[in-house]
Amino acid sequence: MTPARKRETPSIRIGGSVAEIREAILENLTCIQGRFIPVATLNDYYLAAAYTVRDRILSRWAKTAQTYYRKESRTVCYFSAEFLLGPQLENHLINLGLYEETKKALEELGLDFTELVNQEEEPGLGNGGLGRLAACYLDSLATLDIPTIGYGIRYEFGIFDQEIRNGWQHEVPDQWLRHGNPWEVARPEIVYEIPFGGRTEWVTNADGSYVVKWQPDHKVRGVAYDTMITGFGSETVIMLRLFRAEAATSLDLRYFNAGDYYRAVHEKIASENLTKVLYPNDEPLAGRRLRLMQQFFLVSCALQDMLRIYFQREQTLDRFSEKYAVQLNDTHPALGIAELVRLLVDCHGMGWENAWEITAKIFNYTNHTLLPEALERWPVSLFQDLLPRHLEIIYEINRRFLDEVRKDHPGDEGLARRLSLIDEEGGRYVRMANLACVGSRHINGVARLHTELLRSSVLADFNRIMPEKFLNVTNGVTPRRFLLLSNPGLAALISERIGREWIRDLSHLRELEPLAEDPSFLEYWGKVKGRNKERLAKIILARTGIETDQNSLFDIQVKRIHEYKRQHLNLLHVISLYNRILHGTAKDMPPRTVIFGGKAAPAYRMAKLIIKAINSVAEAINCDPRIEGMLRVVFLPDFNVKNAHFVYPAADLSEQISLAGKEASGTGNMKFSMNGALTIGTLDGANVEIRQEVGAENFFLFGLTAAEVEETKRRGYRPEEAITANRELREALDMLGEGFFSRGDRELFQPLVRSLRERDQYLLCADYPSYVQAQERVSRTYLSQKDWLRMSVLNVSRMGRFSSDRAIREYCCHIWNISAVDIC
């Protein structure tokens, strides 16, 4: 009998030459898409190209997984409700070093590379900064060779696609999966039962001991789907594991055969609703119920999966906390603390003390907000209805914790009341941030100011009793996507002058600093910016019909629409500029294009009214012939990662104007600066550190500090006094309120105007004069292009600290206690 030959992997599956990639695309077109060249669509070719790249990724993934299994590697498990990955084809090609080869292979097949790339749907797995940060961190974890599993939910429709109709935001389903997702690998064999509802009861074990048994009303199944994450210049490929909900029984034949077709599939519909949409509207009880179910579904699937992986090598749970470090990305997954206790105690027979010791060693909590309303609370009654066993566990955690508090701080019942996991005031609620603090080994903020404010205000009592838990890790962003990929012209210019080391070590950008005084280099720098602005101008024209002047100052504010982010402060300044032009008082003002973008939560009426106001002001200004090209206003719909690739590189001015003390960090500020935009901003979030790095002289500062905000409120802030004292502000508000921008409708914007006149929660009117003065400095500086370009170069050269690679190194060293693992 002839011995079996060692199987050799065909190079068409993993080869990197132009010819190998071209042939692989054609093979996948036939063997996966079932198409042949004369009838294949551009989307067919995109999918064939994506599967070709995925083959090369999976080859590396298999090698990575085998290495981790063999070395029993300690692993980071990143729990997040959002992972805003963005389009993946180009990102993978850059990371794998196959960009030019694949582009050439497609061109040899007669295909336009840009058109093919544009076929890709952006995964609807996130909304804003929280999800994009998680995606940046996965990129850095892979690049730095850190064993990692990201855990999240496979939302079928994401959050929503934003359409603007008559100036209003309209939400339509984000059908990102309608053509399939070539980047995911379905794992139908990896499935977990997730219980809900019912009751608990005490039962006797065979050994005579009493244990709690949860008797749920119903269960859903969580099915795993894996998306592989590549690192730049690295053999490492890590895994993002997402779970989709499905019914335990998809079809009830009893009802079907009886002709009751709706009831026959009712369980399937109800179960699958769980992972339909990110952040369902939580105004109605049904929405709140669904959100809590989503959070439990995520953490239970993740923890059951971690246990399954652990038991592939281990027989006991003794080393569980040595195997894993879990990072909670905000409070959404905080329920994992109670769920791990349940799994260890109820399902694996562990005693409470041991279970709690393991739990408290594994979890770490990143706080992302200073807004009290964003620190999640759930009604005890809702917990009792959906998760009765977890409510019991939380009560027990709370009892033991408060016993220790009272022991260490006798007689201070106010402290115990504030620290309690149960809020007893004005109804009974479970405080998820408190649960995260009690059950986590470390608690970190995401900017130096944010962490200081957590310690002194939002989580001051926890800082008082457990200060050793608190530390800061300032956010960062990946330069691979937000500079190398999205701004190829600037990336090429930088690499030509200082080499390519900056791509993996952003501190090398400092080598650009001497070039800020080189006139020829500044000329090239300005040309790159001009081409980026021309590219964005074409997109704006195609999507909105608005013509913009690429020689004007591109003043951009793109972020989630929220009153504390103060898009309406920017808008009031736009109205003041409009009035100055009409009155002939616009001195030293270059032509300006003000661009807004961002989504409002479906139930956030004021945010949606702000979007309408922006569009109404834009319509009036853009149609006024008296403006003569001096001012344009644009609202760019459906801002997402794909659109961000064009927006950040084109910006001259970055608007980071939230009220000081409200923004945790921000990452848009970093992306803009990394692409050469100058910042106008308050001392809020990471703005403080950006200003320190780039230099105060290269940052347009305005507004009250966080301490001054608190003092202003303490003294009794009266916005009407600030309005009365400033003629331009008064005129702008009057024009909004009296129907100038709403075709005579005096009621349309009254809620917005009244909120500023009567309450002004985010001190917009107090900061307005300072903001206008800073904008005047912006205008004067922009008129001197040599100075502007020099400042732009200095901004980029000093952004090395804001790489997500630096942030991940800090997590590895100070929180996770984990090291890189070489793949071999």
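I'll start with the second largest cavity, which has 14 lining residues; Tyr46, Glu121, Trp176, Gly180 and Pro182 are those nearest its centre. Its volume comes to about 110 Å³. By class, that lining has six nonpolar residues, six polar and two charged.

Before I go on, a word on the source: this is a predicted model. Across the protein chain the pLDDT averages 95, and 98% of the residues score at least 70.

The largest cavity holds about 130 Å³ of space. It is lined by 13 residues, and Leu85, Asn91, Ala135, Ile229 and Arg481 sit closest to its centre. Two or more lining residues come from each of α4, α7, which spans 129-143, and β8, which spans 218-230. Which of the elements gives the most to this lining? That is α7, with four residues. The lining of the largest cavity divides into four nonpolar, six polar and three charged residues.

Next, a pocket. The second largest pocket has about 810 Å³ of space. Its lining counts 35 residues, and nearest the centre are Glu90, Tyr99, Leu484, Leu485 and Pro488. Seven helices are on the list of those that supply at least two lining residues each: α4 (89-96), α5 (99-108), α6 (113-117), α21 (479-485), α22 (488-498), α23 (519-544) and α26 (641-650). The largest share is from α22, with five residues. In this lining, 14 residues are nonpolar, 10 are polar and 11 are charged. Note that α4 turns up here and also in the lining of the largest cavity.

Last, the sheet. Six strands form an open sheet in the order β19-β18-β17-β20-β21-β22, and the pairing is parallel. For β19, pairing with β18, residues 592-597, runs over five bridges in the parallel sense. In one of these strands, β19, Leu631 is the bridge partner of Arg592.

Technical notes: Residues numbered from 1 in each chain as written. Predicted model: local features only at pLDDT ≥ 70, side-chain atom pairs only at ≥ 80, totals over all residues. Heavy atoms only, no water. pLDDT = per-residue confidence, 0-100. Pairing = 2+ DSSP bridges. 1 Å grid on protein atoms, 1.4 Å probe; cavity = no way out; pocket = protein on both sides within 12 Å on 5 of 7 lines; lining within 4 Å. Points joined across faces, edges and corners; volume = space filled by probe spheres on them. Nonpolar A, V, L, I, M, F, W, Y, C, P; charged D, E, K, R; others polar.
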